[in-house]
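Here is a short tour of one model, written for someone who likes to know the cut-offs behind the words. Have the viewer open as you read.

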Amino acid sequence: MKTYSILLIIFYTLLSGCNNSPKPVSYGADSCHFCKMTIVDKQHAAQFMTKKGRSYAFDAAECMLNHLNEIDRNTVALFLINDYNSPGEFIDATTASYLISQNIPSPMGEYLTAFNDQGAAEKAQAANEGEVFSWEEIQNKFKK
């Protein structure tokens, strides 16, 4: 009985040690999973985590969206994107609003930028022109 209790404690300790949150991006060191460029831009990086707990980092939203064409999207548990107005801060990509504006360059040249909410995207649109998209709309735009 004592051995069983010890094994049970070890099992729960190992289980609780598993981290099901995305790993932080090391700007200037990590590489984009899609294009292999170094991730340096804290306003345009993205990442997702699979249901198995593996994180994939991208130097730009367009790289993440293009990579989604190569995988089963149902394997993804969490999509994250940098908020343009809060560099280095990740937000839920599925609730973010997106702006494509020739006046705001992004690392891969698609001029795609994410904002925490539609109001912030529309404010940036008023200052920079372009077109605002929801998560569903931007995914459709990048589908092959």
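This is a predicted model: local features need pLDDT of at least 70, side-chain atom pairs count only at pLDDT 80 or more; totals for chains, interfaces and linings use all residues.

Residues are numbered from 1 along each chain as its sequence is written, and side-chain values use heavy atoms, with hydrogens and water left out. Helices (H or I, at least four residues) and strands (E, at least two) are DSSP runs, numbered from the N terminus.

- Helix α2 spans residues 61-68, and eight of its eight residues are buried (under 20% relative accessible area, with exposed meaning over 50% and partly exposed in between; 1.4 Å probe, protein chains only).
- Among these buried residues are Cys 63, His 67 and Leu 68.
- The buried residues of α2 pack against strands β1 (46-50), β2 (55-58), β3 (76-83) and β6, and against helix α4 (135-142).

**Where α2 meets α4**

- The axes of α2 and α4 come within 9 Å and cross at roughly 70°; axes are lines fitted to C-alpha atoms, for helices over the stretch in contact, and angles run from 0 to 180 degrees between N-to-C directions.
- The two helices α2 and α4 are therefore roughly perpendicular (65 to 115 degrees; under 35 counts as roughly parallel, over 145 as roughly antiparallel and the rest as oblique).
- On the α2 side, Glu 62, Met 64, Leu 65, Asn 66 and Leu 68 meet Trp 135, Ile 138, Gln 139 and Phe 142 of α4.
- The residues of this contact between α2 and α4 divide into six nonpolar, two polar and one charged. Here Ala, Val, Leu, Ile, Met, Phe, Trp, Tyr, Cys and Pro count as nonpolar, Asp, Glu, Lys and Arg as charged, and the others, Gly among them, as polar.

**Zooming in on Leu 68**

- Leu 68 lies in helix α2, and it counts as buried because its relative accessibility is 1%.
- Leaving aside neighbours within four places in sequence, Leu 68 is in contact with Phe 48, Arg 73, Val 76, Phe 79, Trp 135 and Gln 139 (heavy atoms within 4.5 Å).
- Leu 68 and Phe 48 are 20 residues apart in sequence, and their C-alpha atoms are 10.0 Å apart in space.

**The four-stranded sheet**

- An open sheet of four strands has the order β2-β1-β3-β4, with antiparallel pairing; two strands pair if DSSP finds at least two bridges between them.
- Strands β2 and β4 (86-92) stand at the edges with a single partner strand each, so one side of each is left without a neighbour in the sheet.
- Neighbouring strands of this sheet are turned by 20° against each other on average, direction ignored.
- Helix α2 packs on the sheet, touching β1, β2 and β3, and its direction makes about 35° with that of β1.
- Five bridges join β1 to β3, and Met 49 stands opposite Leu 78 in β3.
- Four bridges join β3 to β4, with Leu 80 opposite Asp 92 in β4, and a hairpin joins β3 to β4 through two residues.
- In β3, six of the eight residues are buried.

**The β5-β6 pair**

- Strand β5 (residues 97-100) pairs with β6 in the antiparallel sense over four bridges, and the bridge partner of Ile 100 in β6 is Leu 112.
- In a regular strand the side chains alternate between the two faces of the sheet.
- In β6 (residues 112-115), Leu 112 and Ala 114 point one way and Thr 113 and Phe 115 the other, and all are buried.
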